[in-house]
Amino acid sequence: IKTVVMLMPEGSEFREGGPLDVRAQREAFVTKLIVETPFPVIDARSWCQNDDFYDGHHLSINGARKFTQQLGSKTKPGSTHR
């Protein structure tokens, strides 16, 4: 079984929200995850625009379509995940 770590799409208020120190800690964790995990990491947090979400966290039907199309192109053999 192949394993992939997926960071799902987020609206800008989730990606950019919160105190600066918390955001820095979150980004440091993601960087460490990408560097140290033995599995491919797909960081899709910024793949969708705010209007692709119902509430900044849950994708609308159109947003889900965009995400699925991009995911398909990223997971083809020979593509990069990081």
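Q: What does the side chain of Ser 60 reach?
A: A polar contact is a pair of N or O atoms within 3.5 Å; within protein, one must be able to donate a hydrogen and the other to accept it, and residues adjacent in sequence count only if both atoms are side-chain atoms. Here the side chain of Ser 60 reaches the backbone nitrogen of Gly 63, at 3.1 Å. This is a predicted model, in which local features need pLDDT of at least 70 and side-chain atom pairs count only at pLDDT 80 or more, while totals for chains, interfaces and linings use all residues. Residues are numbered from 1 along each chain as its sequence is written, and side-chain values use heavy atoms, with hydrogens and water left out.

Q: Where is Ser 60 placed, and which residues does Ser 60 touch?
A: Helices (H or I, at least four residues) and strands (E, at least two) are DSSP runs, numbered from the N terminus. Ser 60 lies in the loop between strand E2 (41-43) and helix H3 (61-74). Contact means heavy atoms within 4.5 Å. Not counting residues up to four places away in sequence, Ser 60 touches Asp 51, Asp 52, Phe 53 and Tyr 54.

Q: Is Ser 60 buried or exposed?
A: Buried means under 20% relative accessible area, exposed over 50%, and partly exposed in between (1.4 Å probe, protein chains only). Ser 60 has a relative accessible area of 14%, and therefore counts as buried. Asp 51, one of its contacts, is in the loop between E2 and H3, but is exposed because its relative accessibility is 63%. The C-alpha atom of Asp 51 is separated by 16 Å from that of Met 8, 43 residues apart along the chain.

Q: How are Lys 74 and Lys 32 classed by accessibility?
A: Lys 74, in helix H3, is at 30% and so counts as partly exposed. Lys 32, in helix H2 (residues 20-36), is also partly exposed, with a relative accessible area of 48%.

Q: Which residues make up the largest nonpolar core?
A: In soluble globular proteins, nonpolar side chains tend to be buried together. A nonpolar core is a set of buried Ala, Val, Leu, Ile, Met, Phe, Trp, Tyr and Cys residues joined through side-chain atoms within 4.5 Å. The largest one here has six residues: Ile 42, Ala 44, Trp 47, Cys 48, Phe 53 and Phe 67. Cys 48 touches, among others, Pro 9, Arg 15, Phe 53 and Phe 67.

Q: What pattern does the chain follow along the sequence?
A: The pattern is β-α-α-β-α, with three helices and two strands. Of the 82 residues, 24% count as buried.
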